[in-house]
Amino acid sequence: MSGMTAVAAEPFKLKRDDGDLAAGVQALEKQLKRVTLETVLAKANRVAARKGATGAGAFGTMRPRPVDWYCFDAADNAVRDWYPQGLTCSSDAGTGAGTFVVSWYFKPETGAERGVRLSFLDTAALRYRHVLLVRARADGDIAPIDIHAGGVAWYGGLLYVADTSRGMRVFDTRHIFEVDGDDKTTIGRKGGVHNAFGYRYVMPQTGAWTPTSGGARFSFAAIDRTTATDTLISGEYLDGPGGRVARWPLNADGTLRADDGVASALDAYRLPEARIQGALSHDGTWYLSQAAGATRNGSLIVVGDTVRKRPYPVGPEDLTCVRDKKTLWSVTEFAGRRVIYGVPL
């Protein structure tokens, strides 16, 4: 197994493509109460377990076990309509440690599309809350966002959510709204109130970065705070060889560094193996999570001066790190085996 090989970054150009998103957010602000992320966390209504048994079955034959982990409640561990995919944390955002964010995509056996939700976990309180991502229309109505959401990265106030063939969707943690209806079966404005499938809080999309040409996939996301300029990372999941990963420089306000609205990748690399579900670079070392199906343990591939494989749980996904703890974190996706877990960098 070889390491990371530099490849052309040209396919990873992104153009800012916000369209009428700002108008939709402004319309929503006139109709719903805007709340802070701190309020969402303070009103978290689900209980997590630190080093709990629920979901820890994801570790399988992994030895040693992770140094720390958090389990979802029994309902979220078992649900088969929602699948966790992306993971980021407040260490990425630059606001200290203590909060994790998980993206879930909806894969219904029956029923209407519900899109994407984010779980905000307060590790000190061991409480978390789901927030539904929505598209706000210029008339103030809302609709779900039907994407895979394979990765999420948090920088400053902005959240980047990977949209497989269409680049990155942007959400702002300073634009969260409290829904005034409680119908669990519908979404949108009707009869003077907004419903969101029973979710109390929604976060409307505020921006988008779309590829200037075809050929690149956006399967996961991460943040590197050790590059000369902090960078956003994204790359490609492929069943076979040939996947790539790229990094884009970030501005202090969290936006991509762009020239005339086009953000060019700083660099790009060929991934050394197939089935990479997450990639993170830190202090010159690359960490890659590799899947092996729903029953076999995955691998953590560490690419530095040498290339090593480390044991990993079943169903590993996106990657993030808690820098002051020197730990690397991921989330597992399969029902009955869902856990947010950390290992040493």
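# Close-up views of a predicted model

**Figure 1. Strands β6 and β30 lie side by side in a predicted model.** Strand β6 covers residues 68-71, and strand β30 covers residues 339-344. The two pair in the antiparallel sense, over 4 bridges.

**Figure 2. A56 sits in the loop between β5 and β6.** Is A56 buried or exposed? Its relative accessibility is 6%. The cut-off for buried is under 20%, so A56 counts as buried. Leaving aside residues up to four places away in sequence, A56 touches R65, W69 and C71. For a sense of scale, take A56 and T227, which are 171 residues apart along the chain. Their C-alpha atoms are separated by 34 Å.

**Figure 3. Strand β9 pairs with β8 and with β10.** Strand β9 runs over residues 116-122. Of its 7 residues, 6 are buried, so β9 is largely enclosed by the rest of the structure. Strand β8 (residues 99-106) runs antiparallel to β9, and 7 bridges join them. Here Y105 has V116 in β9 as its bridge partner. Strand β10 (residues 127-136) also pairs with β9 in the antiparallel sense, over 7 bridges. In that pairing, F120 stands opposite R129 in β10.

**Figure 4. T173 occupies the loop between β14 and β15.** Strand β14 spans 167-172, and β15 spans 176-178. T173 has a relative accessibility of 8% and therefore counts as buried. Which residues does T173 touch, not counting those up to four places away in sequence? They are L37, W154, G157, L159 and M203.

**Figure 5. The whole protein gives the setting for the close-ups.** The protein has 4 helices and 30 strands. Its C-alpha trace spans about 60 × 50 × 35 Å along the principal axes. The radius of gyration is 19 Å. A compact globule of 345 residues would have a value near 20 Å, so the two agree. Of the 345 residues, 57% count as buried. Among contacts with a separation of 6 or more, 59% come from residues 24 or more positions apart. The protein exposes about 13,500 Å², with carbon and sulfur atoms supplying 47% of this area. Its charged side chains number 43 positive and 38 negative. The centres of these two sets lie 5 Å apart.

Note on methods: Residues are numbered from 1 along each chain as its sequence is written. This is a predicted model: local features need pLDDT of at least 70, side-chain atom pairs count only at pLDDT 80 or more; totals for chains, interfaces and linings use all residues. Side-chain values use heavy atoms; hydrogens and water are left out. Two strands pair if DSSP finds at least two bridges between them. Buried means under 20% relative accessible area, exposed over 50%, partly exposed in between (1.4 Å probe, protein chains only). Contact means heavy atoms within 4.5 Å. The radius of gyration is taken over C-alpha atoms; the globule rule is 2.2 Å times the number of residues to the power 0.38. Accessible areas come from the Shrake-Rupley method with a 1.4 Å probe; for residues, only the protein chains shown count as cover. Lys and Arg count as positive and Asp and Glu as negative; His and the chain ends are not counted. The place of a charge is taken as NZ of Lys, CZ of Arg, CG of Asp or CD of Glu.
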